[in-house]
Amino acid sequence: MRSFRKQMKFHWIDFRKAIYIFWLVLILVNSTQIVIQHFWPGIIDSPIDQVFAANYSVIAIFTLVAGLITATQTFPLMMSFGFTRKQFFINVQIISVIYCAGMALMQSIVVHAGSAIIHLFDSQLQSSLIPFFTLWYMQFWIYLAISFLFFVMGIVFYRFGTLAGIFVIAVYIMLLYWITEKPSFDSYFNSITANTSPTLILIPLIITIIAASIGWLLCRRAAIRTH
Amino acid sequence: MRDTIDTTPLLECRHVSKQFSGTIAVKEATASFERDAIHGLLGANGAGKTTLLHLLSGQIFQTQGDILYEGYPVHENPQAVANICFVKSEERSWMDYKVKHLMNFCSLLYPHWDEEFANELLRTFRLPLGRRYKNLSRGMQSLVGIVRGLASRCQVTLFDEPTLGLDADMRETFYDLLIRDFSENPRTIILSTHLIDESAKLFQYITLIEQGTITTHLETEQFMEQAHYLQGNSSLLERLSEDPHVLHQESLAGTTRLVWWGDLDNREQLIHQGIDIQPVPLQKLFVYLTRKRLKSSQSEDVI
Amino acid sequence: MGLLRDDGRPIFLQIAEKIEDDIIEGRLPEESQVPSTNQFAAFYQINPATAAKGVNMLVDQEILYKKRGIGMFVAEGARVVLIEKRKEQFYEQYVVTMINEAAKLGITTRQLSEMISRMESNES
C-alpha cells in the first residue's frame, strides 16, 4: 500500500505554504508591535509581553479554518486518489495531532523567545510566563478540540449542504453562549491563563473525543459529490 | 499454460440501483467487466453513465445491489479503491491546486505511477505546470485527467467523458496514446463517451446504458452482428415494418430501408427476393436504438 | 495498407483482408514477418484484441504461423492458397454481379464477349 511517509509528505505539500505564510505574518506583526512598544511606549495599551496574547485567538481561527478545509477539500481530494474513508479519517487524526502540536509548539517558542528578547531591551519589565511545557500542552488540547469541532461542521456542510452547515454554526454559537454564561467558565478560563492543574485539559479532551466520533460517523457514509 | 487468459471479471455490478431523493439514476444495473480490455460505456445524456462510474469507483453508495472487485465488495475496500483510478471530466477538488502539485500528489499516492511517462504526456499536451487547475481551459482540465489516468497504471481505470473540450487533434492523440499504453500495459479500462463514431474501434466490449439500466453488454462485433440494414422493394419490406425488431424505417420511391435488430432467420430467403442486407455502423445503430426505446417508453406513458 | 472503412463490417475481417492483400500483391513475401498486433492496433487506432482476432483467424487458416518469441510470419504457399480463394470470391463478387447487371440491361452473353474483346484491344 502507500507508505506512511508518502502520505505525510502529501499532506505537508498541501499545507506548507499556508503555514509558512501564517507564521511569517504573525511573527512580523509581533515584531512590529515589540518595536513600536519599545520606541513609543504607551501607544499600545497592554503590557509588552501581552503582545503575544492575541496570537492564541489568531491561531485558533486558523485552526478552525483548517478543520473546515480538511472536511470540505481534503476529503474529496483524497477520495479522488483512491483512499477509503477509514484511511482518510486515520490520516485526519494523525495530521490534526501533528498540526496542533506543531502550532502549539511554535506559539510557545514565540512567547518564550519573544519575552526573552523583550527583556534584553526592557529588563525592568515584570512578567509571569506560563512554563513552556504547560503552555504547549494546554494549547495543544484546545486547538485539537477546535480542529475536530470544525471538521464536524465541514463534513456537515459537504455532506448535507449549506443550510445544515448554518444550523451547526447556530448550534455552536448557542453552545458557546451557554458555556460562557456559566460562572464556572470564568474561573476555568482564569485557571488556564494562571497556570493551574493540568486536569483542566479534561474538557477539551472530552470535546475532542466527542467531535472526532461524530466526525467519523458522518464521514463513513459521506458520498462524494457527482457534479 | 501461460497462454490461457484469465477471463474472470475484475469489476462487476449486480442489480445495482441508485436513487437520488426522488430520481432513480441507476436501476437494476448488472454487468461484468472482463479484465484487461477496453470497455465502451455508451448512453445518451442523463442515461446514468456518470452515476454508474461513481458507483463502480466506490465514491458514492448504491441504494441496493453489489459492486464487486475481484469478487469482494468495493465499499471501503482498500485494495479495490487503491486499484481503481476514476478520471472524471472535471475534478472539483483539484480546483485550487497547481498542475505540478497535482502531479506530485499522483507520484506520491499511486504506487505504480510512471513518472517518465507522465512527464512525456505533460510535454505532449503542453500543460502549464505552474497554473492552477481552475485557471485551465476545459480541454486542459481533461488533459490533466488523462495524464493521471494513463500514467497511474491502475488495474482498473475509469474515464468519464475524457475528451470533453478537446479538439479533434487532441482526441486523436489521446486515442493513439490509449491504444499504445494499453497494448504495453494491459489493464481494465472503462471509458464513457458520446462520441461513438470516433471511439468505437477502441472498444473490445460495449456496454449500453439506457435510462439507468444496462441493456447490453457484448463484444463490439457481437453487438454489431445483431444489426442489419434491409433494403429493397417496398412491396416486400413494408409488411415487416410493424415487427418489434425494426428500429427504424425509411422509404423513397418504391424502395424501403429497414434497420433490423436481432436474429435474422430468413436471411437466405430475403437475399433470394433481392433484398440487400448490410451491416449498420455503430454510431447509427446507437441512435436508432435509443430513439426506439425512447419512443416505446413514451407510448407506455400514454397508455 | 489502406484505411479502415466505417461501414459496419467487422474490423478484424478488414485487418485480415489487408494482410491477405499484402501477401497477394507481394508486399508481404512468404516467410517474411508480419507486423505485431500491437503495431496494427497503434497504426489503425483499434483495440489490440480486435487486431489479434484478425491475425489469429489467418493463423487458423494456416496463412500465417507463429514463431515463438519472435512473431508472426507468412506461411509457405500462402500466396497460392489466397489467390485460389480470391478467384472464387471474384466469381461471386464480380462475375455474378456482372451477369445480373447485364441481364437487367438486356445485354446478351455475346455482347458481353464483344465488350471484353473491345476492352482488350483498347489496352494494347
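This is a predicted model: local features need pLDDT of at least 70, side-chain atom pairs count only at pLDDT 80 or more; totals for chains, interfaces and linings use all residues.
How are α1(C) and α4(C) oriented to each other?

**View 1. Packing of helices α1 and α4 in chain C.** Helix α1 of chain C spans residues 11–24, and helix α4 of chain C spans residues 78–105. Their axes lie 9 Å apart and meet at an angle of about 115°. Angles of 65 to 115 degrees count as roughly perpendicular, and α1(C) and α4(C) are therefore roughly perpendicular to each other. The crossing of α1(C) past α4(C) is left-handed. On the side of α1(C), the contact is formed by C:Glu20, C:Ile23 and C:Ile24. On the side of α4(C), the contact is formed by C:Ala78, C:Arg79, C:Leu82, C:Ile83 and C:Arg86. Sorted by class, this contact of α1(C) with α4(C) comprises five nonpolar and three charged residues, with no polar residues.

**View 2. The annotated span of chain C.** According to an unreviewed UniProt entry, residues 9–77 of chain C carry the annotation "domain: HTH gntR-type".

**View 3. Packing of helices α1 and α3 in chain A.** The axes of α1(A) and α3(A) approach within 11 Å and cross at roughly 20°. Angles under 35 degrees count as roughly parallel, and α1(A) and α3(A) are therefore roughly parallel to each other. The crossing of α1(A) past α3(A) is right-handed. From α1(A), the residues in the contact are A:Gln7, A:His11, A:Trp23, A:Ile27, A:Asn30, A:Ile34 and A:His38. They meet A:Asn91, A:Ile95, A:Met106, A:Val110, A:Gly114, A:Ile118 and A:Phe121 of α3(A). The contact of α1(A) with α3(A) contains eight nonpolar and six polar residues, but no charged residues.

**View 4. The contact between chains A and B.** Here 23 residues of chain A touch 21 residues of chain B. On the side of chain A, the elements that contribute two or more residues are α1 (4–39), α2 (53–80) and α3 (85–121). Of the elements on this side, α2(A) gives the most, with five residues. The residues of chain A that touch chain B comprise 10 nonpolar, six polar and seven charged.

View 5. An unreviewed UniProt entry lists residues 11–236 of chain B as "domain: ABC transporter". This span is 35% helix and 31% strand, and its end C-alpha atoms are 47 Å apart. Strand β1 (residues 9–20) of chain B pairs with strand β4 (residues 64–69) of chain B in the antiparallel sense, over five bridges. Within β4(B), B:Tyr69 stands opposite B:Leu11. Strand β4(B) is also joined by two bridges to strand β5 (residues 72–73) of chain B, and these two strands run antiparallel. B:Leu68 has B:Pro73 in β5(B) as its bridge partner. The hairpin of β4(B) and β5(B) has two residues between the strands, and B:Glu70 in this hairpin takes a positive phi near 55°.

**View 6. The contact between chains B and C.** Chain B contributes 19 residues to this contact, and chain C contributes 16 residues. On the side of chain B, α6 (168–184), α8 (220–225) and β14 (276–279) each supply at least two residues. The most on this side comes from α6(B), with six residues. The residues of chain B that touch chain C divide into 11 nonpolar, three polar and five charged.

How values were computed
Residues are numbered from 1 along each chain as its sequence is written. Chains are lettered from A and ligands numbered from 1 in the order in which they are written. Axes are lines fitted to C-alpha atoms, for helices over the stretch in contact, and angles run from 0 to 180 degrees between N-to-C directions. Helices (H or I, at least four residues) and strands (E, at least two) are DSSP runs, numbered from the N terminus. Angles under 35 degrees count as roughly parallel, over 145 as roughly antiparallel, 65 to 115 as roughly perpendicular and the rest as oblique. A crossing is left-handed if the near helix is turned anticlockwise from the far one by less than a right angle, and right-handed if clockwise. Two residues are in contact if their C-beta atoms, placed from the backbone, lie within 7 Å. Ala, Val, Leu, Ile, Met, Phe, Trp, Tyr, Cys and Pro count as nonpolar, Asp, Glu, Lys and Arg as charged, and the others, Gly among them, as polar. UniProt positions are given in the numbering used here, feature names are shortened, and annotations may be inferred rather than shown by experiment. Two strands pair if DSSP finds at least two bridges between them.
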